[in-house]
6 protein chains.
Amino acid sequence: MTQQKYGSDFPVGFTFRTPAITVTETHIVNWAGLTMDFYPLHMNQEYAEKTVFKERIAHGPLIFGMAVGLVAMSGMAGDAAMAWLGTDDMKMLAPVKMGDTIHVFVEVISADKTSKADRSVHAWRYKVTNQREEVVLVFDFKLMMHEKAV
Amino acid sequence: MTQQKYGSDFPVGFTFRTPAITVTETHIVNWAGLTMDFYPLHMNQEYAEKTVFKERIAHGPLIFGMAVGLVAMSGMAGDAAMAWLGTDDMKMLAPVKMGDTIHVFVEVISADKTSKADRSVHAWRYKVTNQREEVVLVFDFKLMMHEKAV
Amino acid sequence: MTQQKYGSDFPVGFTFRTPAITVTETHIVNWAGLTMDFYPLHMNQEYAEKTVFKERIAHGPLIFGMAVGLVAMSGMAGDAAMAWLGTDDMKMLAPVKMGDTIHVFVEVISADKTSKADRSVHAWRYKVTNQREEVVLVFDFKLMMHEKAV
Amino acid sequence: MTQQKYGSDFPVGFTFRTPAITVTETHIVNWAGLTMDFYPLHMNQEYAEKTVFKERIAHGPLIFGMAVGLVAMSGMAGDAAMAWLGTDDMKMLAPVKMGDTIHVFVEVISADKTSKADRSVHAWRYKVTNQREEVVLVFDFKLMMHEKAV
Amino acid sequence: MTQQKYGSDFPVGFTFRTPAITVTETHIVNWAGLTMDFYPLHMNQEYAEKTVFKERIAHGPLIFGMAVGLVAMSGMAGDAAMAWLGTDDMKMLAPVKMGDTIHVFVEVISADKTSKADRSVHAWRYKVTNQREEVVLVFDFKLMMHEKAV
Amino acid sequence: MTQQKYGSDFPVGFTFRTPAITVTETHIVNWAGLTMDFYPLHMNQEYAEKTVFKERIAHGPLIFGMAVGLVAMSGMAGDAAMAWLGTDDMKMLAPVKMGDTIHVFVEVISADKTSKADRSVHAWRYKVTNQREEVVLVFDFKLMMHEKAV
């Protein structure tokens with residue numbers, strides 16, 4: 001396996017849009033089971049109907065997880081990422097309901113050298129957007145990237 | 001259903017520790033399928049053996065999802081949370097490997113009034129810790145909380 | 001880890017109510033796959049429509065499994081249970097349909113000493129109840145409990 | 001669809017043995033997520049190592065669920081069952097560990113008429129047995145059966 | 001374990017019909033996650049509505065997988081199969097939608113000796129049929145069968 | 001949404017290689033549950049040890065499903081496929097064991113016009129290959145492709 005892509009392939013200002021996926025009841029039930037989050041707003045119809053949301057909504061962290069996966073599935077970054085460093089300024093802006101279809105709009109917002117020539121630190125802004133073009137979740141995803149050592 | 005707990009039950013400085021769970025290959029495979037993240041570091045043994053990690057490791061966002069779930073499962077917050085607002089300063093500090101057992105140490109770090117008497121905004125710091133007491137992931141989880149309207 | 005709770009914390013007559021969860025098509029399909037029970041009353045819409053139930057209903061043992069889980073998730077018993085001994089007098093009283101929301105009402109009905117000072121045998125009656133307050137399943141759950149050795 | 005089998009096809013004393021299945025870590029993790037039972041004896045390796053079991057063991061109710069499914073999968077009862085009535089005298093006799101392979105030995109122990117000619121009530125004793133021929137779980141499964149109306 | 005069934009128990013012309021199952025949204029979402037096939041015709045409601053199908057449909061290979069499973073679950077072949085050799089002439093003839101109920105009609109179409117007396121090669125034609133008796137998928141399933149060595 | 005790719009982008013002789021994935025026990029257990037195929041060679045350790053394979057192996061159709069998914073995940077075909085027509089000459093050549101890592105080598109072997117100018121019929125040969133570069137499964141995947149209507 002030869003390294004195919006590098007951080008330098010994604011300069012600041014580079015943008016792309018991922019494929020989209022419809023969020024279903026199955027995603028929500030499987031998420032609860034996998035992550036142990038059975039909060040009643042997501043899993044109890046009687047409770048959810050009495051909240052401001054009027055129905056069960058998707059867990060916010062599920063939307064984060066799916067956004068990361070949509071970018072992975074887009075294949076855009078190839079094998080350029082070495083490790084996930086973390087996330088800044090994640091803001092849940094609107095609920096995602098069963099049947100909503102989301103995609104991610106990504107923009108590279110910073111690309112910094114490190115003390116090692118073969119790696120850099122990138123921040124990519126992810127805007128998760130629904131089928132009505134409303135941004136539902138936004139965050140900056142920070143990655144250690146491979147760089148071509150000169 | 002009567003509201004049982006409020007943001008005011010969790011003053012700044014309040015701390016608690018959640019139950020723990022062992023992260024398994026099943027978690028990783030199910031996570032990949034649910035969130036569409038089949039990045040080879042997590043899902044390709046041949047690839048992972050050649051990285052600095054030497055083996056498949058858990059997806060970082062899986063650890064975030066499980067941390068949120070461990071707090072939900074602890075029952076500590078009861079029904080005090082109205083909605084998830086987002087997350088600040090998430091930092092992945094160390095890899096989580098299959099067989100590692102994680103728990104979360106939580107501390108309330110801010111609790112702010114809003115323009116509405118019946119809700120406040122809290123930030124809770126989550127430190128996800130493994131069986132060797134190493135912090136692997138840290139983030140500030142921001143919540144809109146119910147408050148007792150006077 | 002220090003033992004936190006004991007059988008003696010749950011005297012005969014002690015009662016509590018668990019959180020609730022909505023039973024979905026996803027629970028039924030995942031249950032069938034996990035336990036190998038594809039009986040057509042649960043998995044074949046054409047067949048189910050011709051039965052007295054008129055539609056696919058949840059597997060009874062799924063409701064038992066979820067009842068046990070709702071009690072675990074309530075956190076009420078903490079770490080007081082040492083092992084599950086079995087169950088007496090389980091009676092399925094009414095079908096659970098997709099969209100029904102169930103919770104469990106628990107009452108300690110017996111607490112017996114054993115020949116060992118550090119353990120006792122408890123029977124807890126579980127009444128699984130739907131959103132119309134109908135009891136759908138009832139059983140006595142028998143546990144070996146930790147006791148404080150004097 | 002014509003009714004193919006009846007309760008009268010299974011007289012008292014009738015026995016059969018189901019196929020077998022190996023219980024895996026995946027079954028345990030998926031069970032926890034589906035039924036919400038994350039009790040540390042099953043899901044926390046550090047905790048389990050300090051118990052009398054020395055390792056994570058399968059949830060007892062998972063073995064019950066799988067026993068019911070093994071009988072369904074055997075196809076032996078065909079469409080003779082109308083509804084599940086409940087279970088008597090369930091006793092967990094030995095732990096099931098990851099890698100153990102279980103099957104069920106079934107014996108019809110009672111078959112009673114009801115006030116309606118087209119249905120009867122059966123009790124079938126299920127003995128869940130591991131690869132060392134140790135009985136790990138036993139219970140009497142009660143069924144409303146279709147009968148040929150004369 | 002004694003060998004119970006042999007290829008010779010299934011002569012050319014032998015036919016049987018399997019039980020049926022309803023295909024649900026849960027099957028489709030779980031299939032996508034397990035096999036990594038998130039093609040938008042199956043997973044993106046907005047996209048699917050603009051195709052000739054007007055809605056998300058089941059993945060064709062999911063119907064193949066379920067057909068193989070329905071035959072396994074029927075128990076008809078017992079332990080006669082030694083290994084799966086492959087499949088000929090698989091044709092997807094009509095889409096399967098959520099809520100459709102499928103079963104398989106099987107016919108043994110060839111049974112050939114091999115150079116070894118204890119095994120033969122069979123081809124079984126599977127016709128997957130929906131609740132309107134429309135054949136949706138057809139294929140010839142090739143198996144190495146156990147034979148009674150003389 | 002504008003159509004982005006067409007059958008004509010994939011002339012006869014076009015080849016590509018997909019990403020790879022490690023097949024795990026979790027894949028096998030989840031596959032059995034989703035497709036109802038609990039054949040003991042895959043799910044019963046005691047049985048499998050006595051076969052020529054000496055251990056539980058992956059279901060062949062699971063490898064087919066994952067091959068289709070690896071091609072989908074590669075993103076290579078984009079939205080050029082309109083519908084799956086079927087599969088020819090599928091041959092299982094070697095078993096896939098837990099821990100094996102598979103990828104697919106794809107070659108376009110035929111591309112035929114149809115009576116409609118906006119669609120063509122393609123056959124793509126998939127060779128599923130393990131980490132020792134052994135081909136384990138081969139088949140010709142037939143697709144109706146979008147074509148640019150002139």
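What rotation, with what shift along its axis, superposes chain D on chain C? This is a predicted model, in which local features need pLDDT of at least 70 and side-chain atom pairs count only at pLDDT 80 or more, while totals for chains, interfaces and linings use all residues. Residues are numbered from 1 along each chain as its sequence is written, and chains are lettered from A and ligands numbered from 1 in the order in which they are written.

**View 1. The axis relating chains C and D.** Chain D is superposed on chain C by a rotation of 180° with a shift of 0.0 Å along the axis, at an RMSD of 0.0 Å (least squares on the C-alpha atoms of residues with pLDDT of at least 70 in both copies). This is therefore the relation of a two-fold axis. Within chain D, Asp88(D) has the C-alpha nearest the axis, at 2.7 Å.

**View 2. The side of chain D that touches chain C.** Contact (C-beta atoms, placed from the backbone, within 7 Å) joins 30 residues of chain D to 31 residues of chain C. Elements of chain D giving two or more residues to this side are α1 (25–35), α4 (60–74) and β3 (81–92); helices are DSSP runs of H or I with at least four residues, strands runs of E with at least two, numbered from the N terminus. The most come from α4(D), with ten residues. Because 100% of the interface residues of chain D are also interface residues in chain C, the copies meet through the same surface.

View 3. β3 of chain C (residues 81–92) pairs with β3(D) in the antiparallel sense, over four bridges (pairing requires at least two DSSP bridges between the strands). Lys91(C) has Gly86(D), in β3(D), as its bridge partner.

Key
Two residues are in contact if their C-beta atoms, placed from the backbone, lie within 7 Å.
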